[in-house]
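Dear colleague,

I am passing the structure on to you with this message, and my notes on it follow directly below. Please read them with the coordinates open beside you.

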Amino acid sequence: MNAEAETLMAPNGLAASFLSEEASLAALARLEEANVGETRLFTPLAPERTPKPSRLPAVALALGLLGAGFAFGLQSYANVVAYPLNIGGRPPFSWPSFIPIAFEVSVLSAVLATIIGAGALCGFTRYYDPVDETRAIRDAMIDRWVIVVRAANSDALARSRDIMQDCDARVIEEAEL
Amino acid sequence: MGSVFRPAANLWASLALLLLSLTLVAFSLLVWFWPHGDAARGVNWAPAQPVPFSHQHHVSGLGIDCRYCHTAVEVSTNAGMPPTYTCMSCHSQIWTNAALLEPVRNSLKDDRPLAWRRITDVPDFVYFDHSIHIAKGVGCSSCHGDVADMALTYKAKSLTMQFCLDCHRDPGPRLQPKDKIYDTRWRRDATTPAPDVLLAQYGVPERNLTDCSICHR
Amino acid sequence: MTLFQARSTLAVSADSRRPNANDPIVAPEQTISTMTAKICAPPLQERWPLWWKLSLGAALFLVLILVISIGWLFYAGIGIWGIDWPVVWGFAIINYVWWIAIASGGTFISALFYLAEVEWRNALNRLAETITIFAAACAAIYPVLHLGRPWLFYWLFPYPNVMTLWPQFRSPLLWDFVAILTYVVSSILFWYFGLVPDLATMRDKAVAPHKRRFYGVLALGFRGSESAWRYYHVGYGLLAALMAPLVISVHSIVGLDFAGAATLGWHSTLFPPFFVFGALLSGFAAVMLLAVPARRLLGLEDFITGRHFDILGKLLLTSSLCVGYAYLMEAFTNFYGPDAAEKRLFANKITGELSPIYWATILFNVLTPQLMWLRRVRLNEIFVVLISIAVIVGMWCERYVIVVMSLRRTHLPSAWGGYTPTIWDWLTLFGAVGLFIAGLLIAIRLLPAISMFEMREVILRNARRDR
Amino acid sequence: MSSVNAQWRSLEELMQDPDFVSRVEQEFPMLGAALSAPRDRRQALTLMAASLALAGAGLSGCDGAPEGHLIPAVRMPSGVVPGMPDYYSSAHVEGGYAAGTVVKHFMGRPIKVEGNPFHPASLGATSPIAQAELLDFYDPRRAWGMTQANLPRSRSALEQALGEQRDKLAATGGAGFVILTGASTSPTLAAQFDALRKSYPQIRWLHWEAVGRENAEKGVALAYGGRFELKPLLQDADVILAIDSDLLSAAPGHLRLAREFAARRNPTRAKMNRLYAIEATPSLTGAVADERFIAGPRETRRILLALAAALLGGAPVEGPPWLDRIVSDLRANRGRAFIHLGPDHAPQAHALVLAMNEALGGRQAVYTLLDAVTHASSDDSLSLASLVTDMRAGQVSSLLIIDSNPVYAAPGALNFAEALGRVEFSLCLSATPNETTAAALWAAPMIHPWEGWSDARAFDGTASVMQPQALPLYQGVEPYHVLGLLLRPDPPPALDLVRQTWNDRLGGAVGDAWIDALAQGVIPNSASPVSNRPLRDDAARAALPEPSSAATILLFRPDPYLLDGRYADNPWLQELPRPLSKISWGNPLLISPRRARELSLANGDVVRITLDGAHVTTPIVITPGQSDDCVVALLGFGRRHAGPVGRNIGVDFFELMGRSCAAPDIQKTGATEELAGTQHHAAMFDESGVYARSGALSQFLADPGFVRRSDEPQPSFYEWKPEGPAAWGMSIDLNACIGCGACVVACQAENNIPVVGKAEVLREREMYWLRIDRYYDGPPESPKVNFQPVLCMHCEEAPCEPVCPVGATMHDAEGLNVMVYNRCIGTRFCSNNCPYKVRRFNYFDFAGEERRAIESRNPEVTVRARGVMEKCTFCLQRIAAARIVADRDGETASAVVTACEAACPTQAFTFGDLAAKGSEVAARRAGPLSYALLADQNTKPRVTYEAHIFNVDKPEETQK
């Protein structure tokens with residue numbers, strides 16, 4: 001960030017990196033109770049604390065069943081309605097032989113649903129975020145736990161800086177968010 | 001240092017995703033619908049012929065029956081193309097020195113056959129028999145269109161497998177009364193007997209007309 | 001750096017790095033920082049040593065051969081292969097089944113053991129999944145090459161057409177087509193999804209702008225925010241839960257390609273599980289085989305340790321016992337069953353002119369792996385490599401026995417025939433091997449060889465346990 | 001039509017080109033290299049195509065019209081309906097004897113040969129060779145020109161040269177002028193010879209066949225003192241003894257004889273006759289015999305003497321133990337017993353056998369004597385040997401060779417080529433260039449029999465007029481024209497000569513009689529009269545010549561399909577597997593299992609046979625059921641100067657002919673050669689019972705259904721009912737099948753089945769839709785043989801169908817297992833899943849590479865592309881035609897006859913509608929002998945077999 005930018009707009013946020021998850025969580029807790037503003041935590045691995053239940057599995061299941069139904073329906077339609085042919089004397093509606101494809105298609109659609117769903121929820125393709133401008137964030141995916149605070153006001157900004165220091169943050173830097 | 005990407009990157013990414021999904025949709029629609037269109041099948045295609053023969057003039061104008069030239073249509077797989085001799089049976093009397101007919105006269109003179117461009121064709125692995133269709137009440141126009149109205153003969157139907165099957169699956173409504181088989185202008189109207197009546201009349205066989213072996217050998 | 005160390009260690013003090021039974025899953029001195037640094041180093045390296053360049057060159061040469069033989073195949077027709085009458089299936093099918101089985105290893109390790117929440121798997125799943133996608137890619141080539149009129153393969157898709165025709169959904173080949181499609185697509189997505197956090201790490205580790213941008217694009221803007229992690233976690237677990245049954249079904253269906261036919265030697269309900277066993281065996285063998293050089297050449301001794309070899313060895317042994325059971329049952333059902341022709345065929349398998357291939361199968365797939373009972377063998381990299389190779393060759397022989405030897409002896413003696421592969425058969429086989437190796441080499445050149453974010457979990461968990 | 005026009009034009013253009021012939025010649029030297037290359041035949045056929053291109057742009061351009069054009073005729077020939085076939089009668093002549101045929105045309109192009117039901121020697125059946133005649137007609141190698149000393153000359157030059165000969169003849173009265181031609185029954189030709197003799201008393205002619213029947217003829221002469229024809233009447237023969245006999249495969253009228261024989265073979269339909277065979281090497285006759293005994297030449301002589309002693313009286317001669325049973329059987333069936341001796345035995349032996357037949361009192365009942373049908377040479381003293389002596393002595397100044405190839409087919413000892421060099425004027429007429437045309441001074445292309453008028457007589461004398469099937473494709477000259485030129489400068493056209501011959505019978509002008517004769521293909525009651533000439537007393541007294549005392553005797557037999565090599569250029573006949581060895585594209589030396597063991601030889605080992613200094617090297621094939629006293633050489637291969645197809649294929653054994661009867665020296669060379677066999681497994685023993693089922697008559701009488709006892713009915717998930725108006729099915733009578741292979745070639749011709757060539761046969765990729773499986777049963781030394789034609793079984797629950805991922809094969813309503821070629825993507829799963837392995841795959845573009853004149857293909861059948869599976873369709877095109885006629889004209893469908901059924905001389909095939917009332921096929925299916933192949937597979941095949949019953953009391957008796 002160059003000097004002009006510095007002077008142009010006052011920094012309204014803080015990014016601080018911690019050495020351990022415990023430290024970061026402690027800091028986070030205090031920040032929240034101090035209610036300094038919106039806080040975000042960035043971690044190099046999935047956080048330990050148990051994730052809240054998600055609707056994603058339900059969606060995947062639904063699409064899986066949908067895919068299965070579609071596949072089975074298509075096969076039945078093709079053999080019974082569209083062009084019934086005498087294949088080795090087998091009945092047109094040979095449902096047992098329709099099952100494998102139905103299963104595979106259901107798995108495929110469930111997988112696609114999961115990827116798209118999870119991708120969307122994880123914010124994939126969100127290539128730019130203001131926090132990227134901070135130096136600290138660049139360690140988040142390596143070995144640091146990074147907390148980013150969007151302070152409500154300059155006073156909150158100051159308070160959060162203190163909290164961070166107490167929780168022995170390694171790096172504390174200001175940022176516009 | 002700063003961020004890897006500019007803020008605009010998010011917009012570009014979304015656009016890229018959008019474009020990708022759109023192309024996918026467009027492609028599938030193309031695969032689905034294009035082959036069914038006339039363009040893909042060269043419908044209305046009317047190539048230049050050695051002689052610009054007009055069915056309109058000969059059939060509508062002079063009222064010559066299809067069978068006068070296409071002699072074999074009732075007895076053979078082929079309808080039969082008229083030998084030069086047939087043309088000359090009239091044109092030795094009339095239009096005897098019309099420039100248009102030069103190729104015909106030469107053909108007879110040098111004993112070289114005329115080479116007409118084929119317009120209505122099915123692949124070699126399809127075995128179509130004219131006689132049985134005529135015998136069972138399928139009129140010329142069903143596949144050749146309103147030839148009597150063609151100044152220059154053009155391809156009137158798609159002749160896809162689907163086209164054949166549409167009729168083989170449900171011949172009734174497409175059958176024509178015996179006396180109208182060669183009338184390419186014929187349309188179903190109030191006076192036309194009901195499909196099942198015609199089916200019975202022609203005794204369209206109970207055999208399964210959608211069997212592959214009906215057309216493919 | 002690492003690479004050059006790795007090379008020197010190979011030369012000088014291999015002992016310190018020799019696998020040991022009571023190795024921890026990851027060396028205690030490793031912290032998440034050192035680990036990340038070590039794993040990220042090779043891909044970010046500017047210049048790679050000679051061994052990599054040479055082997056890539058060799059692999060690409062094989063790929064060239066593959067391209068040429070495919071070109072000639074399409075031009076001249078599949079008559080250039082050794083297939084004849086009645087042996088109308090040959091190398092294409094053998095190789096296909098062989099590759100798809102090798103591919104399975106990755107999915108088993110990364111999906112099944114993820115669900116089982118075993119720690120050691122975190123060091124191997126990246127390698128295993130990479131093996132999976134390239135092996136699956138090789139496998140996917142053959143069904144198309146196998147066709148008499150390959151340019152019409154799209155007729156296997158159910159798409160609306162002017163012939164108003166649909167695929168014949170009763171055919172196991174069609175099931176197989178769909179299964180492979182699903183498997184390849186899902187494997188690639190699973191692999192990539194698992195890569196995203198590490199790509200983010202690479203992006204942030206990288207210094208050169210073009211590398212940051214390269215990994216940045218691939219990382220899809222993942223920055224490890226808490227919410228992102230949460231959904232990522234759910235998604236990954238879900239994928240794992242889908243992949244596990246998928247891989248089982250894929251190999252059952254490959255088995256049905258044969259069992260679904262009335263052909264002698266194929267028509268057996270044993271086949272689906274039999275093929276899953278075979279897939280396990282060759283899958284584990286492949287992972288084990290490649291774990292050794294990866295560990296040595298990329299200096300991953302701290303992460304792929306004796307424990308891993310110990311466990312993999314036991315797995316290999318188990319699956320080889322399963323396969324052995326299948327062989328036993330095949331023999332039993334043949335002689336217990338009523339079909340004289342089946343008996344005649346099996347007798348020919350074990351005593352006929354091609355019986356060496358059958359016995360090679362038994363030797364490589366059942367007997368050799370028994371050495372894994374010995375811990376010393378499990379921990380000896382030389383043995384591990386040799387046994388894995390033996391198994392992989394043995395599995396190829398098994399497919400040769402199933403495909404060729406069964407078709408040679410059909411119901412009617414008058415239709416019995418022989419089979420002699422041509423040079424083109426062999427070239428298409430080796431060419432694909434080149435494709436596989438080239439893929440792996442390029443992958444390790446660009447991507448972290450070990451899933452770092454999952455490694456971090458292990459390291460931290462260990463750290464906590466120590467405290 | 002137009003393309004045919006184009007062809008003539010381009011040909012005439014070519015003929016102007018002086019070095020055209022040498023260009024054609026150049027095509028062939030390349031062949032040696034081509035043939036040794038891996039994909040040899042494929043290249044060979046391409047070369048053939050190259051010469052084809054030389055022969056006429058029309059052919060290589062194939063469909064004649066530019067793509068996507070309609071080319072109507074300028075004047076439509078009357079009677080030709082575009083798109084519908086026409087049929088014209090003709091005849092196939094073999095060794096002079098005619099068998100009537102009907103040629104099927106499309107738009108004036110011959111596409112298929114059928115038998116002529118009105119003709120006594122055909123009865124509607126054809127031999128494989130007659131079917132293959134089609135390819136000879138279209139053979140591009142017929143496009144060559146007159147040559148003098150192998151340099152191209154014009155037609156007028158030849159006529160001038162013949163004019164000089166005419167003057168010479170007039171001067172010399174014919175002295176020193178010899179005409180050499182094959183055996184002939186043509187009255188018109190005879191008339192022309194007589195005319196020549198009238199003008200030039202000294203002129204001589206010789207009817208000579210490389211593999212002829214003069215032994216039999218001389219034998220008859222010995223026995224009855226005159227030229228007569230022996231006509232067996234097998235339908236009334238209860239006991240037949242065949243000694244080294246070719247009764248069912250090559251004897252005059254063999255098609256009819258096979259029919260009569262087979263009519264008495266199925267115990268469910270007739271009282272079985274009994275056939276004993278005594279032979280040195282297995283023949284078709286021996287293969288179908290109830291009891292077959294192996295005897296080498298020496299032993300056979302002793303057997304003949306013993307038989308004679310037993311039947312004609314005289315000092316008893318010690319014969320083999322089993323002979324007594326035969327003798328008593330013959331005696332017991334006096335008047336209904338018949339003995340037939342093969343053409344390789346000496347005249348005296350034939351005379352002896354004729355005497356025995358008289359003694360058995362079967363004359364008029366089981367055989368009759370007719371006035372001779374074939375023509376005699378100008379004088380009895382004249383033989384090929386004497387001719388060659390005369391040629392050497394310079395007593396032959398002019399030699400006219402018509403349709404004969406002595407330079408190749410004369411016994412090597414005679415060295416005919418060298419003698420030919422001594423002849424001042426020699427002219428050889430031949431359809432295609434061959435060894436003799438190359439050696440003769442003058443050579444001229446002869447028209448194909450389908451291109452001109454002629455006539456020929458059947459084995460019983462019934463005459464047929466052979467009409468042209470097409471205008472000459474190439475510049476052939478008619479033999480009649482050449483002979484005519486020897487009489488006068490402006491000879492009458494052949495049509496007039498033929499008319500003249502039949503003037504009195506049919507009337508000179510074109511009348512109904514003439515038309516009918518052409519339409520029917522036979523001239524009513526023209527058979528030769530039955531002779532009452534009594535047996536000469538000394539018939540039986542002639543001493544039988546001592547056969548060689550050598551340990552191993554080298555026997556010569558004609559190849560069943562190439563005969564004396566005249567068909568070596570015919571790909572269909574080259575590739576057709578030989579009935580017993582199942583080997584195509586070659587003639588390995590036949591050797592008995594024990595001999596092979598002694599010489600430690602395996603199939604394909606190459607040996608060097610030396611006889612009087614002459615030697616050949618040849619691979620061997622071990623032949624179960626052959627005598628240890630002999631090795632057998634098949635003639636007709638190893639053509640040095642043939643087309644791309646036949647040249648250098650196999651070994652020329654004529655080289656060793658006519659040498660002393662010393663034992664040939666057989667040395668293993670250590671080399672081996674792959675034999676292009678189509679049945680790849682080592683001969684199967686004792687397994688065949690399951691597949692080609694057989695049993696003894698006694699078993700049948702005790703328990704008619706015994707062959708089926710083993711198959712218990714199988715339950716099925718699916719009960720499939722044919723909903724269509726017809727339910728097509730076929731029943732194959734294994735009692736009738738003699739394995740001749742006519743059905744295979746007929747199928748090939750009808751269904752455009754490509755030839756794949758030796759290299760691909762070696763790769764096991766032959767394309768036959770219908771194959772004849774040969775099973776051996778019993779000890780290798782003397783096994784029982786079972787033939788079994790196998791084609792698509794059209795299973796009601798076809799295993800091939802459910803496994804096809806694109807539904808390229810499925811059932812139609814009439815129960816046909818249909819294959820839609822254009823839907824096939826070539827996964828080949830159907831073939832895996834077919835228990836009968838009747839599906840064939842186009843590994844290469846076989847049909848395309850064949851480059852066979854497209855005019856010769858059947859336009860009613862799709863020509864299959866590369867990468868496509870194909871198989872028998874029950875001749876769907878014929879079914880469809882009948883179906884359309886029935887639906888269109890409201891008649892009931894005329895009986896559909898498949899190509900194999902039509903060609904089969906013994907009516908082993910019965911095809912028809914199982915649902916129809918009183919259908920023959922349904923009846924046969926219901927018969928006690930009927931069984932399904934691989935019934936345990938429960939595929940419900942629409943093809944069933946009738947088990948093979950041997951007329952013996954104990955099953956093992958058939959194995960001697």
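Buried area here is the accessible area, taken with a 1.4 Å probe, that two parts lose on being put together, summed over both. This is a predicted model, in which local features need pLDDT of at least 70 and side-chain atom pairs count only at pLDDT 80 or more, while totals for chains, interfaces and linings use all residues. Residues are numbered from 1 along each chain as its sequence is written, chains are lettered from A and ligands numbered from 1 in the order in which they are written, and side-chain values use heavy atoms, with hydrogens and water left out.

Chain B and chain A bury about 1,100 Å² between them, with 60% of that area on carbon and sulfur atoms. In contact (heavy atoms within 4.5 Å) are 15 residues of chain B and 10 residues of chain A. On the chain B side, α1 (8-33) and α9 (161-169) each supply at least two residues, and α1(B) gives the most, with four; helices are DSSP runs of H or I, at least four residues long, and strands are runs of E of at least two, both numbered from the N terminus.

In chain D, four strands form an open sheet of mixed pairing in the order β36-β29-β38-β37, where two strands pair if DSSP finds at least two bridges between them. The edge strands, each pairing on one side only, are β36 (909-913) and β37 (930-931). Strand β29 (residues 728-733) of chain D runs antiparallel to β36(D) over five bridges, and M730(D) has F911(D) as its bridge partner in β36(D).

With best regards
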